[in-house]
Amino acid sequence: MLAFSALIAGSFSFGGRIANLIDPVALTTVRFVIATAIIAAVVAMRGGIRRADLAAPWRYVVIGGLMAIYFVLMFEGLKTASPVSTSAVFTLAPIFAAGFGWLLLRQVTTARMALALTIGGLGALWVIFRADISALLALELGRGEGVFLIGVVAHAAYTPMVRRLNRGESPLVFTLGMLIAALVVLIAYGSDRVMATDWAALPAVVWAVTLYLAVFASATTFVLVQYATLRLPSAKVMAYTYLTPSWVIGWELILGAKPPPTLILAGIALTLVALWLLLAED
């Protein structure tokens, strides 16, 4: 999950630089095509798919649909929101994951975990509303942050749903099924957008970022989060998302951006405190 948070953070920083250069549905579709090819090749080399893995294919549609919603809305949000504020919205995922974890798996949130989620949520809100208390009280949420918040809810549901629907499939096989199902959902919903995209005219940066998203922020992170989800409570899995804004700031500095204001950093510090509290939970 530490690797997951670093790779996901890169998708915010890199994705923000191409969000207005390509349609979100088209981008998500092509990254899933590449990720599917990679995972399919690995699964084939490791023995392929068992007959039992194909049971109840609707499970993959549910999981794939949630991921498709998340990624499309992420890049829709990045059209107007900054990578740092968008990644802060992502840190609200543990709160939603704890709720879905109880609803789907009856995973109980301890007092320490509730405290951590509260602290992390406050830190995330501080960043999302740009350290402006009046904006927070008035709930002046930017359009990009608001759009992505819906995607974050879908991502939070994905985590416990994997554990609920997995019937012994390996993380690789389950990831492959999810990717194929997500592609079906995306094509059914936005095939016209894919066809309308002038792929040959896209600048090189779009293809470079797309490859990063497909290989590292899709294929790799899907396997990592499914591996962790089968071994850790949903809220603790998602706790690592609290590292995302810190990683994003690092990525942004590498890419030449200025560091965020000190007040924004204070909110990010709260998310790190929340991470420590959750990881210290027995």
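How many positive and negative side chains does the protein have, and how far apart do the centres of the two sets lie? Here is a friendly walk through the structure.

1. **Charges.** There are 18 positive and 12 negative side chains, and the centres of the two sets lie 10 Å apart. Lys and Arg count as positive and Asp and Glu as negative, while His and the chain ends are not counted. The place of each charge is taken as NZ of Lys, CZ of Arg, CG of Asp or CD of Glu.

2. **What you are looking at.** This is a predicted model, in which local features need pLDDT of at least 70 and side-chain atom pairs count only at pLDDT 80 or more, whereas totals for chains, interfaces and linings use all residues. Residues are numbered from 1 along each chain as its sequence is written, and side-chain values use heavy atoms, with hydrogens and water left out.

3. **Overall build.** The protein has 13 helices and zero strands. Helices (H or I, at least four residues) and strands (E, at least two) are DSSP runs, numbered from the N terminus. The radius of gyration is 18 Å, close to the 19 Å that the globule rule gives for 282 residues, so the protein is as compact as a globular protein of that length. That radius is taken over C-alpha atoms, and the rule is 2.2 Å times the number of residues to the power 0.38. Along the principal axes, the C-alpha atoms fill a box of roughly 55 × 50 × 30 Å.

4. Of the 282 residues, 55% count as buried. Buried means under 20% relative accessible area, exposed means over 50%, and partly exposed is in between (1.4 Å probe, protein chains only). The protein exposes about 12000 Å², and carbon and sulfur atoms supply 71% of that area. Accessible areas come from the Shrake-Rupley method with a 1.4 Å probe; for residues, only the protein chains shown count as cover.

5. **Contacts across the sequence.** Take the contacts (heavy atoms within 4.5 Å) with a separation of 6 or more: residues 24 or more positions apart account for 91% of them. R31 sits in helix 2 and counts as buried, at 0% relative accessibility. Leaving aside neighbours within four places in sequence, R31 is in contact with F71, F75, T210, L213, A214, A217 and S218. R31 and L183 are 152 residues apart in sequence, yet 9.7 Å apart in space, C-alpha to C-alpha.

6. **Aromatic rings.** The whole structure holds 15 aromatic pairs. Rings of Phe, Tyr and Trp (its six-membered ring) pair if their centres lie within 6.5 Å; planes under 30 degrees apart count as stacked, over 60 as edge-to-face and the rest as tilted. The rings of F32 and F71 have centres 5.7 Å apart and planes at 80 degrees, so this pair is edge-to-face. F32 lies in helix 2 and F71 in helix 3, so the pair ties together parts that are 39 residues apart in sequence. Both F32 and F71 are buried. For W199 and W207, the ring centres are 5.9 Å apart and the planes at 45 degrees, so that pair is tilted. W199 is partly exposed at 24% relative accessibility, and W207 is partly exposed at 34%.

7. **A backbone detail.** A56 is not a glycine, although its phi is positive, about 50 degrees. Look for A56 in the loop between helix 2 (24-45) and helix 3 (58-77).
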